[in-house]
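Hello,

Here is the structure I promised to pass on to you. Have a look at it first, and then read on for what turned up in it.

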There are 2 protein chains.
Amino acid sequence: MEGLLTRWRALPTLVACSRQLSGCVPCSLHHCAPGRGKRLLLSRMFQPQNLREDQVLSQEGRSGDLTCKSQRLMLQVGLIHPASPGCYHLLPYTVRAMEKLVRVIDQEMQAIGGQKVNMPSLSSAELWRATNRWDLMGKELLRLRDRHDKEYCLGPTHEEAVTALVASQKTLSYKQLPFLLYQVTRKFRDEPRPRFGLLRGREFYMKDMYTFDSSTEAAQQTYSLVCGAYRSLFNRLGLPFVKVQADVGSIGGTMSHEFQLPVDVGEDRLAVCPGCNFSANMETLGLSQMNCPVCQGPLTETRGIEVGHTFYLGTKYSSIFNARFANVHGKPSLAEMGCYGLGVTRILAAAIEVLSTEDCIRWPGLLAPYQVCLIPPKRGSKEMAATELMGSLHDHIAEAVPQLQGEVLLDDRTHLTIGNRLKDANKLGYPFVIIAGKRALEDPSYLEVWCQNTGEMVFLNKEGVVELLSTVQVV
Amino acid sequence: MEGLLTRWRALPTLVACSRQLSGCVPCSLHHCAPGRGKRLLLSRMFQPQNLREDQVLSQEGRSGDLTCKSQRLMLQVGLIHPASPGCYHLLPYTVRAMEKLVRVIDQEMQAIGGQKVNMPSLSSAELWRATNRWDLMGKELLRLRDRHDKEYCLGPTHEEAVTALVASQKTLSYKQLPFLLYQVTRKFRDEPRPRFGLLRGREFYMKDMYTFDSSTEAAQQTYSLVCGAYRSLFNRLGLPFVKVQADVGSIGGTMSHEFQLPVDVGEDRLAVCPGCNFSANMETLGLSQMNCPVCQGPLTETRGIEVGHTFYLGTKYSSIFNARFANVHGKPSLAEMGCYGLGVTRILAAAIEVLSTEDCIRWPGLLAPYQVCLIPPKRGSKEMAATELMGSLHDHIAEAVPQLQGEVLLDDRTHLTIGNRLKDANKLGYPFVIIAGKRALEDPSYLEVWCQNTGEMVFLNKEGVVELLSTVQVV
């Protein structure tokens, strides 16, 4: 109790000024294993990357075939681990990449006025019965009953919930609109046949935004605004995409587009017109439609992975839940809605699918889990004298390039040759791999710097390394 | 298609260097409503704070009584909105506070070597049957069947899942240990009577960490290390806590402690000894125990809210799932485990419970959703000439105090008096409220600065404001 009393007394008052309440110096963001200092050491990572092909296959034997590159690579290098069909453990590298992706998404959504909320996964049957989707969604909804026998589903999407939330605000004025409410949360869908790893799972992270406008014109402006933010997102990630006209499906509404990453493994068939800007998901076209409806030229087929989807909903949901606002004449008026999804875990896998080679993962630069991997010499080798050089380079980068704090990993598995560690680093796709090879012993030292996203290798001294790395953008 | 081709051509190669892949300038973190510039305007927030007491009461009528201050205040000012019993929508201010809390938790966990993972919510019945908890947990587990009639629960905790995950790594060496794996995810528990808002919900965010060590000594060191990180966390938040000996409950193991925030509304009864450091949850003591088991002095009773819980598990779970590593002699040996929880949404509500007055929310400085609220003069008032002064102060702070980017809100509801807006700001608990009152017209201008966490008010000119605000710590 004395300890407790001391603690109590040490606080000036319970309601102290914010400087007092948050008086400690923020900790370094470094991982630091107890007693091993502040350097990020690869040997201490929970990052199982030595799986053999047969192990990877047997791991997924239960839940389906290894059907695409991203799934195989992500299992092989220890980015994900299967839990049950369509459900994966995200391992530390993947969590880092996903958190970066969420930061980019937050920036883009907030730049257009998006406000982040967080709605429960448990969604009551009554909400879904109101829109008839309780029946319509069939077996895709995961359903359960609580201890009082009340029925719920696990939300795959939240039109019902968010519309009821906005409808509960009784004093909305047109002056407050638009509202762009979004969340980044785990969603659930009982896929008949989950496959392709994170591309089609039963549990996945999604960014879903719901917009509320005071007129159809304003809602269409908002629709363009969100599409623009999606464009900006994929451009920043360096992912080539195509925006196609799409089917509204069970969500409903009157207009819909998909953002697709063109890639052979994609499950969607897209029709694009080489003659004009027209492009569409083929499910929106008649079976016999071979020509572009705009310019009448012949359509070309390609395949894509859907990574974003936008819907103009009109008043479909606001009319059911009575989501109204006072219009310019003071009269109650139904909100015009849109909804906008981005598959967060899916974008990660799709980016790997698009950017990687058969054997080596490549990341969008902004999303790489770690930007830099340092490979010191093998223990007992001639170059061993350069070992501490790499340690001090690690510390020097942390100091000279503040945005790379926590982004530089030291591959301290010095019982392995440089070649073997470079092979691992190549597989994992760190944008920059820096090796203390023979020329590290020269005076001044030169280091081998592999820019893995361009495939270039250059020799640089310490200053050159810092100059190169200070151009790296980190989110 | 032309548009598409242009986009493709504009990208030098698919696998481009990271500078190319992330070539755009990052967007400002500001909310910015379309066409309204970059200033954060209160009038555009989805932040319903004008609820009357009777509305708050009727909202919760379905799910129980308004039983504590934090629940009442959080409903009143629009921080949460009830969805179904024990399930809440977290509104934008709360999401901001929670994201800050998660950043502080990440810093503390990573400072001791924690690595962040993310495990699915759906947890298969077979895992839980292996430990007998499928039966033991009874009605607290939310259970469901998928379309193939396979049974799952929604994880309230993840000992089974994480131990099976680590057990799947067949080549672990003692040199790699300890592993400290943690996640911050939504958890589910079918409370018989959810109440107290975010303090006891059915769906809530929790940080759960699981540690794997090579010996009991190492595991006990890790236990101390995590307790130290928890201490550091609550100290940084300015929340007085007491660490008490606790019951192991259904989790099991041989040693357990709770981190409790002493407060009257707390559901836990704690016995603390004024004579020595002993403190315990009363459920660990015999009913007749009136004296301290250490110094024999009389025990004092107090109440607390459990915000953290630590368990030393030994090999309870590793023996069931066969989570082994090669020890120093190369022989397989069972990992010694610990598990460590922090109630994330609960800490938010508990902090509000502890720090707030009956009518006004107060936040730990680090967690306040916005640090600063600027209140320009009422439209049509004498001071109206100072309106633009507040706009330019907003921009000046953003420039001069970079860490406050996105932290400064402009209360542009200038149809309201300064007094009414100050009342709202007081309720919401921004650490700093800055008002353009009468002295704003002096030359130089003086602004009224309310430091809400200390209750002080001072007059400062622009430079003084910047000097004060540059001391604010933001996470």
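**What was found**

Let me begin with one pair of residues: Val433(B) has Trp450(B), in β20(B), as its bridge partner. Please keep in mind that this is a predicted model.

That bridge belongs to a wider pairing. β19(B) and β20(B) run antiparallel to each other, with four bridges between them. β20(B) also pairs with β21(B), which covers residues 456–460, again in the antiparallel sense and over five bridges.

How many residues lie between β20(B) and β21(B) in their hairpin? There are four, and Gly455(B) in the turn has a positive phi of about 80 degrees.

Is β20(B) mostly covered or mostly open? It is mostly covered, with four of its five residues buried.

Next, please turn to helix α12(B), residues 387–400. Its end C-alpha atoms are 20 Å apart, which agrees with the 20 Å that its 14 residues should span at 1.5 Å a residue. Which residues of α12(B) are buried? They are Met390(B), Gly391(B), Leu393(B), His394(B), Ile397(B) and Ala398(B). These residues cover an arc of only 155 degrees around the axis, so they sit on the same side of α12(B). The spacing has a simple background: an α-helix has 3.6 residues a turn, so residues three or four places apart point the same way.

What covers those buried residues of α12(B)? The cover includes the strands β19(B) and β20(B) from above, along with β17(B) (372–375), β18(B) (408–410) and the helix α14(B) (462–469).

- Chain A holds 14 helices and 21 strands.
- Of its 475 residues, 61% count as buried.
- Chain A exposes about 17700 Å², and carbon and sulfur atoms supply 52% of that area.
- Among contacts in chain A between residues at least 6 apart in sequence, 67% join residues at least 24 apart.
- An unreviewed UniProt entry annotates residues 99–369 of chain A as "domain: Aminoacyl-transfer RNA synthetases class-II family profile".
- The end C-alpha atoms of residues 99–369 of chain A lie 9 Å apart, and the span is 27% helix and 31% strand.

How values were computed
Residues are numbered from 1 along each chain as its sequence is written. Chains are lettered from A and ligands numbered from 1 in the order in which they are written. This is a predicted model: local features need pLDDT of at least 70, side-chain atom pairs count only at pLDDT 80 or more; totals for chains, interfaces and linings use all residues. Side-chain values use heavy atoms; hydrogens and water are left out. UniProt positions are given in the numbering used here, feature names are shortened, and annotations may be inferred rather than shown by experiment. Helices (H or I, at least four residues) and strands (E, at least two) are DSSP runs, numbered from the N terminus. Buried means under 20% relative accessible area, exposed over 50%, partly exposed in between (1.4 Å probe, protein chains only). Contact means heavy atoms within 4.5 Å. Accessible areas come from the Shrake-Rupley method with a 1.4 Å probe; for residues, only the protein chains shown count as cover. The expected span of a helix is 1.5 Å times one less than its number of residues. The arc is that of the directions from the helix axis to the C-beta atoms. Two strands pair if DSSP finds at least two bridges between them.
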